[in-house]
Structure formats: C-alpha cells, structure tokens
Amino acid sequence: MSNTVYGLSVDAAHAEKLAHFWAEALGQDVAPGANPPFATLASDGATPRLSLHQVPEPQSVKNRLHLDLISPLFEAEPQRLIVLGASRIRDVTQGFARWTTFADPEGNEFDLITGRDMKGSQGVCTRVRANASATRSPGSTEAQELK
C-alpha cells in the first residue's frame, strides 16, 4: 500500500487573509467556511489541496518546503504577484532554467519558474534536475535522497 499526497498545509498568522492571497495567485477560490484560524482553497481535483492553518508562533527560519508555480506569462506574472502582496527575493538562472523566488505576505517563500505550458515544460524538467544534482550528497543516489 502506498500513500498519496492529499494536500499541502501552510502555517500562517492569519489563515483567511493568506488564503485570499494564494487564491488570487493561483486563480482559485477560497472554500466556504474560511476564518482566521483555518482556510483552504477550493480544490479543482487536478492539484493537491492547499490549506492554511493559524499557528501562534511567527515564522523564524526559511521554509524547507515551498511551492513552485509555473506560468506561460513568466515575464508579466511577477508584477501581478507583487500587486497581490508578494515580495521579490531573487532571480536565478542555472543553464536553461530560470526562476524568481518570492515571499508571500507572511514571508513564506515560493518560486515562479519559466514554462511554455502547465505540464512537462523543458524549464521545469531542467530545474528539477539542476536542483536534485545541486542538493545530492557525493556518492548518494536519488533513491537514497528520497528516504
């Protein structure tokens, strides 16, 4: 038996406010019943559910898991995200891969990566390979890294 990713959860100071940012950024709706302690985006069934949970402590370190967004409008999308409340952190180019790292209104980092379409673009494949190679310890295999 194996597990399936049901969704992603993001810690927040104010879950409902942050849910509205992510709903706008992703072109989704906030599901009914959202409130300051808990909110979720209405799932389209094609992507994992995104939920936000209020926690008492502020963010104190860089998040270890982040979302990678892809847009065929890579050149225009940064401005839209900034208007929504994101902050641009850095632009990165590694070979053919390009992405911009942002922080959402509460400081959670996410990347906007280049892509011609929403699935399987060369930019995504190159970036994944580049990140996997850069983070793998010498002599390890991909299978070992996934443990």
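**From a loop to the core**

Guide: Not counting residues up to four places away in sequence, Asp 29 touches Ala 23, Leu 41 and Ala 42. Please keep in mind that this is a predicted model.

Visitor: Why is Asp 29 called exposed?
Guide: Exposed requires over 50% relative accessible area. Asp 29 has 56% relative accessibility, so it counts as exposed. You will find Asp 29 in the loop between α1 (15–26) and β2 (38–40).

Visitor: How far apart are Asp 29 and Asp 44 in sequence and in space?
Guide: In sequence they are separated by 15 residues, and in space by 9.7 Å from C-alpha to C-alpha.

Visitor: What makes the span of α1 close to the expected one?
Guide: The expectation is 1.5 Å times one less than the number of residues. For the 12 residues of α1 that gives 16 Å, and 16 Å is also the reach from its first C-alpha to its last. Just after α1, Gly 27 adopts a positive phi of about 70°.

Visitor: Which residues of α1 are buried, and what covers them?
Guide: Buried here are Ala 15, Leu 18, Ala 19, Phe 21, Trp 22, Ala 23 and Ala 25. Their cover includes β1 (7–12), β2, β3 (49–54), β4 (67–71), α2 (77–84) and β7.

Visitor: Which residues have the most contacts inside the largest nonpolar core?
Guide: Those are Trp 22, Leu 41, Leu 52, Leu 81 and Phe 110, in a core of 22 residues. Two or more residues come from each of β1, α1, β3, β4 and β7, and α1 gives the largest share, seven residues. Apart from this core lies another of five residues, among them Ile 70, Val 92, Ala 97 and Trp 99.

Visitor: How do you know that Asp 104 has no salt bridge?
Guide: A salt bridge needs a side-chain nitrogen of Lys or Arg within 4 Å of a carboxyl oxygen of Asp or Glu. For Asp 104, which is buried, the nearest side chain of opposite charge is Lys 17, 13 Å away, so no salt bridge is counted.

Visitor: Why is the pair Asp 104 and Trp 22 called a polar contact?
Guide: The cut-off is 3.5 Å between N or O atoms. The side chains of Asp 104 and Trp 22 are joined at 3.1 Å, so the pair qualifies. Asp 104 sits in the loop between β6 (97–103) and β7 (109–114). Beyond neighbours within four places in sequence, its contacts are Leu 18, Phe 21, Trp 22, Gly 85 and Phe 110.

Conventions. Residues are numbered from 1 along each chain as its sequence is written. This is a predicted model: local features need pLDDT of at least 70, side-chain atom pairs count only at pLDDT 80 or more; totals for chains, interfaces and linings use all residues. Side-chain values use heavy atoms; hydrogens and water are left out. Helices (H or I, at least four residues) and strands (E, at least two) are DSSP runs, numbered from the N terminus. Buried means under 20% relative accessible area, exposed over 50%, partly exposed in between (1.4 Å probe, protein chains only). Lys and Arg count as positive and Asp and Glu as negative; His and the chain ends are not counted. A polar contact is a pair of N or O atoms within 3.5 Å; within protein, one must be able to donate a hydrogen and the other to accept it, and residues adjacent in sequence count only if both atoms are side-chain atoms. Contact means heavy atoms within 4.5 Å. A nonpolar core is a set of buried Ala, Val, Leu, Ile, Met, Phe, Trp, Tyr and Cys residues joined through side-chain atoms within 4.5 Å.
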